[in-house]
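Thank you for making the time this morning. I would like to walk you through the charged side-chain pairs in the model on the screen, taking them one at a time.

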Amino acid sequence: MDKNARIFVAGHRGMVGSALVRRLASAGYRNIVTRTRAHLDLTDQGGVNLFFEEEQIDVVFLAAARVGGIYANSTMPASFIYENLAIETNVIHAASRWNVPKLIFFGSSCIYPKACPQPIKEEYLLTSALEPTNEAYAIAKIAGLKMCEAYNQQYGTKFVSLMPTNLYGPNDNYDLQSSHVLPALIRKAHEAKLRGDGALEVWGSGTPCREFLHVDDLADAATFMMESDIAEGVFNVGVGRDSTIRELAQTVCRVVGFEGELAFDASKPDGTPRKLLDVSKLERMGWKASIILEDGIAATYADFLARYEGLSQTAVAA
Ligand code: GFB
């Protein structure tokens, strides 16, 4: 692919977008276009349309989204459905209108039904009811991938959807109310170690299973997709194996060096019991994840430590 292609990374300050910028820059792409929210509000239809009219974009990575863990999803469903639908309709429509040759949309493994056979194949989409704790977010992400399919069908666009499993890595959100489980446990284990606590609080029963993909692997898969000839479709992106939340907490404690017990808080929701992705479709095309979970957690803990002072201030200010 032309290294001078104008590549718009929507959401470049987030965990996924910042990983994409790093990956694209290291591959030699010289024209990465970014906008902060202050300069381009993606929920503003007029502003997004003008941006695409003026910028002559060749590729869009639609990594801008309202995301969060189980608590944020279940307590702010309106924000999750509205902001994600607005961003998707504005960006996908304007990209089609201004003839962007390629767009890669990022969804989530929570688009699949709660009671899915495991591992989850792409074709299980819309076969039964969704997990209630993140239904609003999942509906918005399903709408995004269906928009890509509809625009491909009607206008001949080349819009592809990637469905990553639970992500983690540098630049994650460590706010304990809105974060996902892995960054939450890193922070809680670190602070429990500093305080000399005897136990680490873990939400739910510890029995749900989750699959974790390092965000640098996702950025690699997305770059692979951009450089391929694939013009349409939905592709799961994961590692093909999962662990229980109890096992995850034990791994985090080992990496962080917290030696106390685990204390499960049954008043918090478990969410879906399991959502292991079948990743064979992407593997058959030649892409496979490479970052081992414990190594990825160790690197993420190093990133957390480097940012911890700033995080503490944010938490205090919030
Ligand atoms: O990562 P998480 O918030 O989201 O929670 P989901 C995963 C599991 O970890 C749940 C448990 O069973 C939680 O109860 N858990 C244990 C914790 N301790 C904690 C903790 O301290 N914080 C958090 N957050 N969880 C989200 C969806 O679902 O996953 C989104 O709500 C999205 O829509 C995302 O799909 C990938 O995996 O349950």
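**Salt bridges in the model**

There are 16 salt bridges in this structure, where a salt bridge is a side-chain nitrogen of Lys or Arg within 4 Å of a carboxyl oxygen of Asp or Glu. Please keep in mind that the model is predicted, that local features need pLDDT of at least 70 and side-chain atom pairs count only at pLDDT 80 or more, while totals for chains, interfaces and linings use all residues. Residues are numbered from 1 along each chain as its sequence is written, and side-chain values use heavy atoms, with hydrogens and water left out.

Let me begin with Arg 66 and Glu 83, whose side chains meet in a salt bridge at 3.1 Å, N to O. This pair links distant parts of the chain, 17 residues apart, with Arg 66 in the loop between β3 (59–62) and α3 (70–75) and Glu 83 in helix α4, residues 77–97; helices (H or I, at least four residues) and strands (E, at least two) are DSSP runs, numbered from the N terminus. Arg 66 is partly exposed at 25% relative accessible area, and Glu 83 is partly exposed at 22%, given that buried means under 20%, exposed over 50% and partly exposed in between, with a 1.4 Å probe and protein chains only.

Turning to helix α10 (residues 293–317), Arg 307 and Asp 303 lie four residues apart, which means that about one helical turn separates them, and their side chains form a salt bridge at 3.3 Å, N to O. Here Asp 303 counts as buried at 18% relative accessibility, whereas Arg 307 is partly exposed at 28%.

Finally, Arg 6, Arg 35 and Glu 55 are joined in a network of salt bridges.
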